[in-house]
Amino acid sequence: LQFREKHMAAVDYYASQGRVLSEQILLNASKSLSAGEISYMEWTVLMNQSVQIKLSYLDALQAIRDAEAELHYITGNQ
C-alpha cells in the first residue's frame with residue numbers, strides 16, 4: 001500500500017506540475033539556444049532535466065502497473 005501511494009504521488013506530481021515544468025524547460029531552453037543566450041552544452045543539460053521529469057513519471061506508472069499485475073497473480077484474480 002505504501003509502495004502504491006509513493007508512486008501515485010509521483011504520478012500526481014507529474015499531472016499537476018511536472019508536465020508543465022518539463023515543457024517550460026524544453027521551450028525556454030530551445031528559445032535560449034536559438035537566441036544565443038546559452039551554449040549547446042547548457043541546452044543539453046536542460047533537455048536532460050526535461051526528459052528526466054518525463055521518465056520519472058513513466059517509471060512511476062510502470063511500477064504501479066507491475067505491482068498491480070503481481071498482486072493479481074498472487075491472489076489469482078484476473
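Guide: Tyr40 has a relative accessible area of 57% and is exposed (exposed means over 50%, buried under 20%, partly exposed in between, with a 1.4 Å probe and protein chains only). The model is predicted, so local features need pLDDT of at least 70 and side-chain atom pairs count only at pLDDT 80 or more, while totals for chains, interfaces and linings use all residues. Residues are numbered from 1 along each chain as its sequence is written, and side-chain values use heavy atoms, leaving out hydrogens and water.

The search of the whole structure gives two aromatic pairs (rings of Phe, Tyr and Trp, the last by its six-membered ring, with centres within 6.5 Å; planes under 30 degrees apart are stacked, over 60 edge-to-face, the rest tilted). Tyr14 and Tyr57 are stacked, at 4.1 Å centre to centre and 20° between the planes. Because Tyr14 belongs to helix α1 (residues 2–34) and Tyr57 to helix α2 (residues 40–75), this pair ties together parts 43 residues apart in sequence (helices are DSSP runs of H or I, at least four residues, numbered from the N terminus). Tyr14 is buried at 11% relative accessibility, whereas Tyr57 is partly exposed at 23%.

Tyr40 and Trp43 are also a stacked pair, with 5.4 Å centre to centre and 25° between the planes. They are three residues apart in helix α2, so about one helical turn separates them.

Helix α1 also holds His7, which is buried at 14% relative accessibility. Beyond its neighbours within four places in sequence, His7 is in contact with Ala60, Ala63 and Ile64 (contact means heavy atoms within 4.5 Å).

Notes:
Helices (H or I, at least four residues) and strands (E, at least two) are DSSP runs, numbered from the N terminus.
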